[in-house]
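Here's a walk through some of the packing in this structure, with an eye on side chains and what surrounds them. Have a look at the model first.

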Amino acid sequence: MLPAADTAMPLAAWAVDVHGDGVASRYAAALLESLGAAPRACGGAADEHPALVWARSGLMALTGARDAPPRMLAAPLAACADGVVRALAALGARVPEAYADGAALLAERAALLGLQRNGATSSGGSCRLLRSADAMLAVNLARRDDWGLLPAWLVDSAVVDWGTLAQRLRRHGSAEVVERARLLGLPVAAATLPAPASEPWCRVQRHAPPLATDRGGRRPLVVDLSSLWAGPLCAQVLHQLGARVIKVESALRPDGARSDARAGADVFFDRLHAGKASVVLDFGNPAGLARLRRLLQRADIVIESARPRALRQLGIDAAQLLAGNPGLSWVALSGYGRDEPAAHWVAFGDDAGVAGGLSALLAASSASDGGADRDAWAFCGDAIADPLTGLHAALAAWSAWLGGGGVLVDIAMQRVVAHCASFELPSSAEALTERARRWTDTVRAAGLAERRPLAPQPRGRAREFGADTAAVLGELAA
């Protein structure tokens, strides 16, 4: 690996103009600078107030208790999503109108599935905020097998439902139960406030020199190995920017989103995957793995959301592929990053949002925005870490492509949320409370507090499972 330096960043020494005046524009400039660019503020139209962006997107209506007024998040999370789109525009990308509203993308699954705010239970229903002896925890039992791990987690055979789980958790300290959960592969996180200066939202490792040629006029080839929401959204945004995207799935373990039987889930799957080719391979077969490796060797961008150990067990090593394929960019999405021991920790969108500080911010400002004590703790939006991370990953991937590749970009959902939540965060609890009050008043005066998220218009169907396997393999992996 080459030594880390300024030139490790994909946009090193790029001068880019950011148009606009406000939080979204400042966030766009901060993102571009973190990727190595030298952004120039060019002024322009005023950005929409971050409180109005939060409400207009429908996220406010998705936050708070079911039988209480919707809640204001005193952090510009939705404006940050708009800032990602503005950063792409600064790089010359043309984002189609259907995907140009970053804030709206954060809430569109809830609109399609008819989800509502539900307080300390996530909108999707699988994650709950529960008290341990010393802290609030997010416990996400999204998979059927998670329930069978509960007795081993708390060393108590009586823990078989939410009621007994809530009761028994109060006997344990948070550090103990979080550590045990992570060892068992359970997505559990402690609710903490984001630090005023959070970790970088992504980490970039350079494994090969960038290609010196101008890549702006060529259509990149993207191999998407990811599943569920964050990675597929990243790949869909790249497709909207002009990339050719091939979605690759295991014959034995397809994308889990395919089995979501809820009303509207099929339309959401189409939203994420329309326009992508569908390839299915048998990862347990040497011939299937050989074809996968040949596909990856032809790619310009690889998107994956597996734990590093899982890919290594298949003989897929990102560093080796980057070193042997000049110009390749590898975008790895995860809950907590690729460093040990966090590389083994499991996370989904709701618990990652809590780990990034969102629920703690809500609780800290509950008195200011009308929240009663019983309503202080709640989830923000619907699995919000997923789409927020997917947008950031798309910017990172596009930047890596434009910069000539040769890099591995490590993007963790927890870090992305914390980065947004801490952007221009007030320095004191009093200032946070005052901001929440002012922002709530702004939204109520505009009559937007209860605005529901809008469902996107259908724009094509996803390809059938494996419909393009023969054609793609014949062209790229023969």
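F423 is buried, with a relative accessible area of 14%; buried here means under 20%, exposed means over 50%, and partly exposed is what lies in between (1.4 Å probe, protein chains only). Keep in mind that this is a predicted model: local features need pLDDT of at least 70, side-chain atom pairs count only at pLDDT 80 or more, and totals for chains, interfaces and linings use all residues. Residues are numbered from 1 along each chain as its sequence is written, and side-chain values use heavy atoms, with hydrogens and water left out.

**Aromatic pairs**

How many aromatic pairs does a search of the whole structure find? It turns up four. Rings of Phe, Tyr and Trp (its six-membered ring) pair if their centres lie within 6.5 Å; planes under 30 degrees apart count as stacked, over 60 as edge-to-face and the rest as tilted. Two of the pairs are set out here.

| Pair | Centre distance | Plane angle | Type |
|---|---|---|---|
| Y27 and F423 | 5.0 Å | 80° | edge-to-face |
| Y336 and W345 | 5.3 Å | 75° | edge-to-face |

Y27 sits in helix α1 (residues 23-34) and F423 in the loop between α18 (413-421) and α19, so their pairing ties together parts that are 396 residues apart in sequence. Helices (H or I, at least four residues) and strands (E, at least two) are DSSP runs, numbered from the N terminus. Y27 is buried too, at 0% relative accessibility. In the other pair, Y336 is buried at 10%, whereas W345 is partly exposed at 22%.

**Arginines over rings**

Y336 also has R182 over its face, at 5.2 Å from the ring centre. A charge sits over a ring if NZ of Lys or CZ of Arg is within 6 Å of the ring centre and within 35 degrees of the ring normal. R271 does this with Y99, lying over the ring face at 4.0 Å from its centre.

**Helix α11**

R271 is one of the buried residues of α11, along with A265, F268, F269, D270, L272 and H273. Because seven of the nine residues of α11 (residues 265-273) are buried, the helix is largely enclosed by the rest of the structure. Its buried residues pack against α4 (102-105), α5 (108-113), α10 (230-240) and β8 (244-250), where contact means heavy atoms within 4.5 Å. After α11 comes G275, with a positive phi near 95°.

**Helix α19**

Which residues of α19 are buried? They are L432, R435, A436, W439, T440 and V443. These cover an arc of only 130° around the axis, which puts them on the same side of α19; the arc is that of the directions from the helix axis to the C-beta atoms. That buried side packs against α2 (50-56) and α16 (358-364), while the face turned away from it carries the exposed residues E430 and A445. Just after α19, G447 takes a positive phi of about 70°.

**Around S132**

S132 lies in the loop between β3 (127-131) and β4 (136-140), and it's buried, with a relative accessible area of 6%. Its side chain makes a polar contact with the side chain of D134 (3.2 Å). A polar contact is a pair of N or O atoms within 3.5 Å; within protein, one must be able to donate a hydrogen and the other to accept it, and residues adjacent in sequence count only if both atoms are side-chain atoms. Leaving aside neighbours within four places in sequence, S132 touches L137, L169, R170, H172, G173 and S174.
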